[in-house]
Amino acid sequence: MTEDIDVGAVATLVEDSGEMGTPDGTREVGRSRRRKEDAKLVTGQTMWTDNIQLPAMLHLAVLRSPMAHAKITRIDVSPAMSMPGVVAVFSGADLKDELGSLPCAWPVTTDMVQPDHPPIAYDEVRYVGDAVAVVAARDRYQAADALEAIEIDYEPLGAVVDMEEALKDETLVHSDKGTNKAFVWPLETGDVDAAFQDAPVLVKRRFIQQRLIPTAMEPRAVVVHPVAAADEYTVYSATQIPHVLRVMLALSTGLPEQKIRVVAPDVGGGFGSKLDVYAEESIALIVAKRLGRPVKWTESRSEGYQATIHGRDQIQDVEIAADRDGRIRGLKVDLKADMGAYLQLITPGIPLLGASMYVGIYKMDAYRFSCTGVFTTKTPTDAYRGAGRPEATYAIERIVDELAAELDMDPLELRRRNWIQHEEFPYTTAGGLTYDTGNYEAATERAMELFGYDPLRAEQAKRRESDDPVQLGIGISTFTEACGGAPSRILGQLSYAGGGWESASIRMLPTGKVEVVTGTSPHGQGHVTAWSQIAADALGVPFEDVEVLHGDTKSSPTGWDTYGSRSVSVGGVAVHLAAQRTVEKARRMAAHMLEAAEGDVEFSAGTFSVKGSPEAKKTIQEVALATFAAHDMPEGVEPSLNAEYVFDPENFSYPHGTHLCAVEIDTETGFVTIRSYVAVDDVGSVINPLIVEGQVHGGLAQGIAQALYEEAVYDAEGNLVTGTMVDYLVPAAPDLPEFTTDRTETPSTSNPLGVKGVGEAGTIASTPAVINAVVDALRPYGVNDMRMPATPERVWRAIREGSTGGDRAAEGTIAWGGSQTATTAGAESGSAQ
Amino acid sequence: MPRIRVHVDGTAYEDEVEGRLLLVHYLRDRLGLVGTPIGCDTSNCGACTVLLDGHSVKSCSVLAAQVDGSQVTTIQGLAEGEWHPLQKAFRESHALQCGYCTPGMILASVDLLQHTPDPSDEEIRHGLEGNLCRCTGYQNIVRAVRTAADEMGASA
C-alpha cells in the first residue's frame, strides 16, 4: 500500500505507561518521522570508509589466486618493489607470523573441523580470490599496476565445487584434516519414526538454495591509522560489527585490545556480508603497523564478488508426513550446507539458525533435523539477509504447498488446519522454541482482502480451461522467523562464543540536550532516527534534541552490533530502559529540589511535579543542569544525569506474516511477471512506520531476487562464472513490482516495547511466495518444483519437460539479462578501481 | 599528460591528468569531492552518476581527459541555496536507506525529469534501470521521483 500509514492506530498499541511523551504532549513512538540520517546522504556529505584521506596514506592492493586449489610453489614479490610509487610488497610468508588465523566464533560441535585460515595464503590457495600478496603504493593505480609484476607459480591440487562430490573425500580442501565434512549437527523432538510409520500421506522433495552474492552497494573498505610511537591503531572499516571486530583483531594479531579503536563510519549496506572479520582488516592493520603509515584498502566490485562472503548454498532434503485430512504429523530435514573453503566468523552456525524454524507456524508431533557442513573450493559462505531462516521458511512453505497438491486441498486451507491458533500462544513448537505471541489468522485475513484471493483463483481456472498462453499462479507464504538475537544463555547452549545482549546509555547534557550511546551499528536501518524517537518519549524531550552516537568503540565502547533483525528488539529496548533509568535518577533529584517525597513526584511529558501541588514542578532539563552543577545533591545521588542499561532478552521475538503473490507466466517464452504482491507483516509494535515499510520493501526485493534473478555460478574448475555485476543479476527498478504492504500488530511479550524486528521479514517470506506461485501456475504441465532462480530458460524447459527447470551450472549457461541492458563501456577502463 | 580545464560544481579547475584516470577518481582523489561514490567496476550500478554538461553519465565510464572544457555537477553541487526538489523528495518519501546509491539515483533522476518532466511510474522505473539500489526495492524511489516531478511541474 502506498497510502500513508495510520500513525494514531499504531501509537495506541504501545502500552501507555502514563509517563511517556514529548513536551508538546505527542508521542514519538509510532510516528513516521523523516530520517535524521538523510540530510548528509542526499547532499553527498557522507563519510564512507573510502572517503577517508589521511596524511602520508598508502593504498593497498591485494593479489588474489586465479586457481581454486593449488600449492604455491614459488612467489617473488621483488619485481613489484621497483614499480613506480610502490613502498612495500608482502607475500603471505612475509606476514604470517604477525597475522593470526581468521576467527570462527561458532564451533557448532565439539568435534567440528576447524582449519587454519591465514589472511594471506602462504602454502596453499583454496578458492579463486584467496589473497596471496599485498602491495602498498602511493596511489590506487600504482598499487594495481604493481600486482601484475608479482611472480607466482602454482601447482594445481584439484577443485571440488559440488557438495556431494566433496563428501566423497576424493579431493580434500584441507588435506591435513582428512575430510571435507566440517560437522554433523542433529536435532530431534518427538517420536519421528512413529509419526512417519503408516502415515497416510508422505511428500518428499529436494530443494536447492542456490549460492547468492550479498552485493551491498558500498564495497568493503578499510583504513588503518597507526600512531607508531604509542602503538595505537584506529581501524576504520565498512563493517556491521565494530565491537566484535575490535575483539577479534586483538585476538588474531596479538595487539592489545585497548590499543585498538574500531570505527564503522557511514556504512553503505551489509545484509550480513559486513558481519564478518575479513582478511583485509588484519592485513591492513599489520601492514600499517609495519610501515608506520596509514593505509587504505578498498575492494573493487569484482574483487568483492570473490573475496566477500557469499550466502545460502544448501541442499535440502525435506519429507513431510500427514493424515488424509491434512493434519501434519511430522517433518524430516536433511541439510547439506556449503561452507566454502574456510570457516568465516559464523559460517557453520548459519544453517543452524534455521534449525528450529523448519516447522514454521505449524503444529506437529515430531521433527528431525540434521545438518552436514561441507568444505568446497569456493568463496566462504556466511550470513546473508535472513541467515538460515529464509532457507527454513522456503523448505516448509514449499513442502506444505506440495502436500496441499497431493491432498488436492487449497493450500491456504491446509495451512489453517495446522497453524498455531492465536489463543494458543505462548506455544512451544516441535522445533523446540517457544513463540511468545502471534496472530496468523488476522494477518492472513487482511492479506486475502487486499489480494482478492477468490477472484484470482477464478481467473486462474478460466485461463487453465481456455489453455491461455499466459498462465496465472498464486503463491502463499505464511511465515515466521526468530529475531531479537539473542538471549546470551541460549547462545551459550548453542556453543556460540559471544553474547547477545545490547547496551545503551543516556547522557543528559548541561544544556538539556541528550546523547544516546548505542551498541548497535546501523548501516541503513535508521537507528539515529528510531532511537531518538524512543529516547524522546521516555525522557519527555523534543525529538530534535536527541543525538545518537554509534559505531565507534571509543564513544560507544560496548555492544554486539547490528545483524539478524536484532537492533530494535535488543538495542532499541536498551535505549528505552536506559532512559527510564535516567528518569528514575532525575526523579530523586527533582524530589530533592522540590522538597517532596520521591514517591509524591510524578513525571509526565518531560516535567516532574508534586502530587497535589501542580504548581511545584521542574523540567528534566532543569534537573539535568542542577545535577551538572551538583551544588546541592541529595544523599546517595551522584552528580550528572546519565544512566546505562544492558539488556539481555529472555526469549527471541517472532515476527510473522502472510504474503501472497500472483505471477503471470508466458508459457511460450517462460518469462515470469509478478502481477501483484501483498505483504501483511506483523512485526509487533512499531517505532517508525515509514522505516518499517521501507525495510519490508527492501526485504521483498532481495527475496524476489533469489526466486527469479540471482545465482552465483561456479564452473567445474572452481571459477566464479558470475564474477561481475554484468553476470550476476541484481534487480533494477523495472525488474520488481509495486508492492502492497500492510501490518497487523501483535506486540511481542519478549521485551517491554513489544517490538519484534523487521530487517529480514520481507526476504524470508517472499522467496517461497514467488516460487509457490510459479509452481502453482505450472502444475497442470506436470511441474511440481522449480529450481531457483526461475529464469525464463528454466521455466520454458520445465513446461516442456514437466521438470524443475534443471541445473543452470551443469547446462553451462550463465546469468540472464532481465530488463537490464548492461553497459560495459567502463569495463576495460575500470581496472584500477 | 593531458591538461584539462573543467568546472566542477561551479568551481574552475585546471589540472594535468594521467590519460587513464577515470573521471570518478579525478573527482574523488584529486579534487576531494568524495560525495560521488563508486559501487562497481563494470558501469552497471550507477552510484557514480554525475551530470556532464547537464546530462547524466557514469563517471567511472568517462576519462578525466574527456571532460576538458566541460561543466560537471556532482551531488555536492546540486543544491542551489536550498535543496533540489529531488533531494527533498528522496528524504520525504524515504527513498533511501544506506544512501550509497542516492547521489547517482538523484542525478540520474534529474536527467530523467529533464527529458520526461511528467513520467509515469513505468517510465521512472525504466529511466532509472541503470542505477541499482539494494535497500529500498525501488518503490519509494519511484514515489520520490513522482513527487519531485509534481513539484517541479507546479513551479515551472
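The contact between the two chains takes 50 residues from chain A and 54 residues from chain B, where two residues are in contact if their C-beta atoms, placed from the backbone, lie within 7 Å. The elements that give two or more residues to the side of chain A that touches chain B are helix 2 (38-43), helix 10 (301-307) and helix 19 (689-708) of chain A; helices (H or I, at least four residues) and strands (E, at least two) are DSSP runs, numbered from the N terminus. Helix 19 of chain A gives the most to this side, with 6 residues. Sorted by class, the side of chain A that touches chain B has 19 nonpolar, 25 polar and 6 charged residues; here Ala, Val, Leu, Ile, Met, Phe, Trp, Tyr, Cys and Pro count as nonpolar, Asp, Glu, Lys and Arg as charged, and the others, Gly among them, as polar.

This is a predicted model, in which local features need pLDDT of at least 70 and side-chain atom pairs count only at pLDDT 80 or more, while totals for chains, interfaces and linings use all residues. Residues are numbered from 1 along each chain as its sequence is written, and chains are lettered from A and ligands numbered from 1 in the order in which they are written.

### Confidence

The model scores ipTM 0.98 and pTM 0.95. Chain B averages a pLDDT of 97, and 99% of the residues score at least 70; pLDDT is the predictor's confidence in each residue, from 0 to 100. For chain A the mean pLDDT is 94, and 94% of its residues reach 70 or more. Over residues 1-18 of chain A, however, the pLDDT is below 50, and this stretch has 27 contacts in the model beyond near neighbours in sequence. Residues 820-833 of chain A also stay under 50, and for them the model has 32 contacts beyond four places in sequence. Where pLDDT is low, the predicted coordinates should not be read in detail.

Two packed helices are described by the angle between their axes and the distance between the axes.

| Helix pair in chain A | Axes come within | Crossing angle |
|---|---|---|
| Helix 16 (residues 527-539) of chain A and helix 17 of chain A | 9 Å | roughly 30° |
| Helix 17 of chain A and helix 18 (residues 620-629) of chain A | 10 Å | roughly 85° |

Angles under 35 degrees count as roughly parallel, over 145 as roughly antiparallel, 65 to 115 as roughly perpendicular and the rest as oblique. Helix 16 and helix 17 of chain A are therefore roughly parallel to each other, whereas helix 17 and helix 18 of chain A are roughly perpendicular to each other. In the contact of helix 17 with helix 18, Ala586(A), Met589(A), Ala590(A) and Met593(A) meet Ile620(A), Val623(A), Ala626(A) and Thr627(A), and by class this contact has 7 nonpolar, 1 polar and no charged residues. Where helix 16 meets helix 17, the residues include Trp531(A) and Ile534(A) in helix 16 and Val575(A) and His576(A) in helix 17; the residues of this contact divide into 10 nonpolar, 6 polar and no charged.

Gly571(A) is found in helix 17 (residues 567-594) of chain A. Gly571(A) is buried, because 29 other C-beta atoms lie within 10 Å; a residue is buried if 20 or more other C-beta atoms lie within 10 Å of its own, exposed if 12 or fewer, and partly exposed in between, with C-beta atoms placed from the backbone. Not counting residues up to four places away in sequence, Gly571(A) touches Glu502(A), Ala504(A), Thr518(A), Gly519(A) and Thr520(A).

The buried residues of helix 18 of chain A include Ile620(A), Gln621(A) and Val623(A), and what covers the buried residues of this helix includes strand 19 (502-508), helix 16 and helix 17 of chain A.

### Backbone details

Most residues other than glycine have a negative phi, and most peptide bonds are trans. The peptide bond from Phe425(A) to Pro426(A) is cis, with omega near -5°, and Pro426(A) is found in the loop between helix 12 (411-418) and strand 16 (427-428) of chain A. Ser495(A) has a positive phi of about 70° although it is not a glycine, and Ser495(A) is partly exposed, with 17 other C-beta atoms within 10 Å.

Conventions. Axes fitted to C-alpha atoms, helices over the stretch in contact; angles between N-to-C directions.
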